[in-house]
Amino acid sequence: MTIEPRVQSILLTKCQHAKLTVLSNLNESVHTMKTLGERIRELREEQDLSLRELAKIIGVSAAFMSDVELGRRHPSDKHMRSIARALDTSLEDLRQFDTRPPLREFRKATLSNPEYGFAFRQMIDRQISSEELLEFIKQRDEKLRKHEAN
């Protein structure tokens, strides 16, 4: 499946806004989004480590590591650093695959301005999709660029 460059650009932008990592499959020119767990599994397999071996190296249970790879649990910063070291990669490499929402920043914003919480609740109640939200952000950014150009 070939995706035209303009559409690729839009997809990449949307994924970056959603903090999703997009990887290109060179054989098929198809883009897929990879999770943190998938990235860890990929690196672990490249190192020829079993899940149990990796868990032992970083000091967690194999069940915990399995849950991380399956996306059911998320490692703490301490464990992320240990995983990065064990898999011979950088913490930044792993973090770019972490798609969890920035809850700490969201909480801080809602405490300083309750309208953020109200707006988020309205978005959920009205079932506004992530695509609609990203499209709104894109349109807003385009308006700002046009305004700055004038």
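The entries below follow the order in which I looked things up.

**Ground rules.** I am working from a predicted model, where local features need pLDDT of at least 70 and side-chain atom pairs count only at pLDDT 80 or more, while totals for chains, interfaces and linings use all residues. Residues are numbered from 1 along each chain as its sequence is written, and side-chain values use heavy atoms, with hydrogens and water left out.

**Helix α3.** I started with α3, residues 51-58; helices here are DSSP runs (H or I, at least four residues), numbered from the N terminus. Which residues of α3 are buried? I found Leu51, Leu54, Ala55 and Ile58, with buried meaning under 20% relative accessible area, exposed over 50% and partly exposed in between (1.4 Å probe, protein chains only). They cover an arc of only 100° around the axis, which puts them on the same side of α3; the arc is that of the directions from the helix axis to the C-beta atoms. An α-helix has 3.6 residues a turn, so residues three or four places apart point the same way. On the other side of α3 I noted Arg52, Lys56 and Ile57 as exposed. The cover over the buried residues includes α2 (36-46), α4 (62-69) and α5 (77-86), by contact, meaning heavy atoms within 4.5 Å.

**Aromatics.** I counted one aromatic pair, the rule being ring centres of Phe, Tyr and Trp (its six-membered ring) within 6.5 Å, with planes under 30 degrees apart stacked, over 60 edge-to-face and the rest tilted. Phenylalanine 106 and phenylalanine 120 have ring centres 5.0 Å apart and planes at 65°, so the pair is edge-to-face. Phenylalanine 106 sits in α7 and phenylalanine 120 in α8 (residues 115-125), so the pair ties together parts 14 residues apart in sequence. Phenylalanine 106 is partly exposed at 33% relative accessibility, and phenylalanine 120 is partly exposed at 37%.

**Second largest pocket.** I got a volume of about 540 Å³. Of its 13 lining residues, Asp98, Arg100, Pro101, Pro102 and Glu105 are the closest to the centre. A pocket here is an open set of points on a 1 Å grid over the protein atoms alone, where a 1.4 Å probe fits, with protein on both sides within 12 Å along at least five of seven lines; lining residues have an atom within 4 Å of a point. The volume is the space filled by probe spheres set on the points. Helix α7 (residues 103-112) gives the largest share of the lining, three residues.

Terms used: Helices (H or I, at least four residues) and strands (E, at least two) are DSSP runs, numbered from the N terminus.
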